[in-house]
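Here is a short report on one protein fold.

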Amino acid sequence: MSFLPKPKLHHPGLGCNALGFTKRDYEGAISTLCAGCGHDSISAAIVRACFELDLPPHRIAKMSGIGCSSKTPTYFLGNSHGFNAVHGRMPSVVTGANLANRDLIYLGVSGDGDSASIGLGQFAHAMRRGVNMCYIVENNGVYGLTKGQFSATSDKGAKSKTGATNKDEAIDLVGMALQLGATFVGRSFSGDKAQLVPLIKAALTHKGAAFIDVISPCVTFNNHNGSTKSFDYVREHNEAVNFLDVIVEKQEITVDYEPGTVEIVRQHDGSLLTLRKLGQSDYDPRNRAAAFSFLEQRKAQGEIVTGLLYVDPDAGEMHDQLGTSATPLNEFGEARLCPGSAALDKLNASLR
């Protein structure tokens, strides 16, 4: 059975957000993934992030491809728009939907097989075009639906459950996102909700291509000794470069902290992302080149860097580059979509 509806009854004591919704209103069907799957923790983080941001569910469009990760949109935001694309094609579906209706909030969920293998080209073009979306990869380093083979993000030297050793270099989607021009890049761990929730909140409110790589252990095929995507390995090798919180625009804030302990990054809509830096870190998330260098240095030390790795507070997005109408294309009437032969002749003449 692939779909299990949840009871519609809500406990009368559940808290509501500013829209009058409870967290239950942001949930979906009951998960049919393996018990303990990290993907379910990511779904719970998405639910909490949307609830705390007071996002109207009907303004969110959730998209996915194929794989365990791409099943998860069934388990959150049951009252939102949704589309399950073919394997690796989620980014192009989001691009088309975004061009037609720029007023929706786009959330793309994918996996390491869906984005780092068959969909690698799709991922690359969504990042470089600046599609205004939150792109989450639920990265477990295996093909869970086909019994745990290594995926393209499996680290070289990692061992499978059967004892085989991966001999290929891993594709680092975070490094690729930085290189391709994504204007918000982060990495987190499904077992760290304190970091993951604000990171998702910040990505959802960012203008431009926002990418989050979430290490999400597969409890069935990739949570053993020798795996570099297991719960124990990530906890032991995790280096968080900042502590995150999101303060929305409607809240007036004052800051009175010692110099160097807090960085305030203004988002495109006026909301503020507060970065409380670690005591011994001078990490600057606004420096793309430094972020890439830092990732490589820590990778050489066997560490997994998490947190907000890069953000451009003045980022643009695809519609800015194309100069499209502020009115969503799906709201155009026939007269504007088909202005007649005279308009076509004028356009052709301008191109001669």
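## Overall picture

This is a predicted model. Among contacts in the protein with a separation of 6 or more, 70% link residues 24 or more positions apart. The chain has 352 residues, and 47% of them are buried. Its secondary structure comprises 12 helices and 13 strands.

The accessible surface is about 16800 Å². Carbon and sulfur atoms hold 52% of that area.

## The eight-stranded sheet

Eight strands form an open sheet with mixed pairing. Their order is S2-S1-S3-S4-S8-S7-S13-S9. S2 (81–84) and S9 (238–240) are the edge strands. Each has a single partner strand, so one side of each has no neighbour in the sheet. On average, neighbouring strands are turned by 20° against each other, direction ignored.

## Strand S4

S4 spans residues 133–139, and seven of its seven residues are buried. Which residues point which way from S4? Met 133, Tyr 135, Val 137 and Asn 139 point one way. Cys 134, Ile 136 and Glu 138 point the other way. Both sets are buried.

S4 has parallel pairings with two strands named here. S3 (residues 105–111) joins S4 through five bridges, and the two run parallel. In that pairing, Leu 107 has Cys 134 of S4 as its bridge partner. S8 (residues 209–215) pairs with S4 over seven bridges, also in the parallel sense.

Helix H7 lies across S3, S4, S7, S8, S9 and S13. H7 runs at about 160° to S7.

## The H1–H7 packing

Two packed helices are described by the angle between their axes and the distance between the axes. For H1 (residues 38–52) and H7 (residues 193–205), the angle is about 55° and the axes are 9 Å apart. H1 and H7 are therefore oblique to each other. Their crossing is right-handed.

Which residues make the contact? H1 contributes Ile 42, Ala 44, Ala 45, Ile 46, Arg 48, Ala 49, Cys 50 and Glu 52. H7 contributes Lys 193, Leu 196, Val 197, Ile 200, Lys 201 and Leu 204.

How values were computed. Residues numbered from 1 in each chain as written. Predicted model: local features only at pLDDT ≥ 70, side-chain atom pairs only at ≥ 80, totals over all residues. Heavy atoms only, no water. Helix = DSSP H or I, 4+ residues; strand = E, 2+ residues; numbered from the N terminus. Buried < 20%, exposed > 50% of the residue type's maximum accessible area, 1.4 Å probe, protein only. Contact = heavy atoms within 4.5 Å. Areas by Shrake-Rupley, 256 points an atom, 1.4 Å probe, with all protein chains shown as cover. Pairing = 2+ DSSP bridges. Axes fitted to C-alpha atoms, helices over the stretch in contact; angles between N-to-C directions. Parallel < 35°, antiparallel > 145°, perpendicular 65-115°, else oblique. Left-handed = near helix turned anticlockwise from the far one by under 90°.
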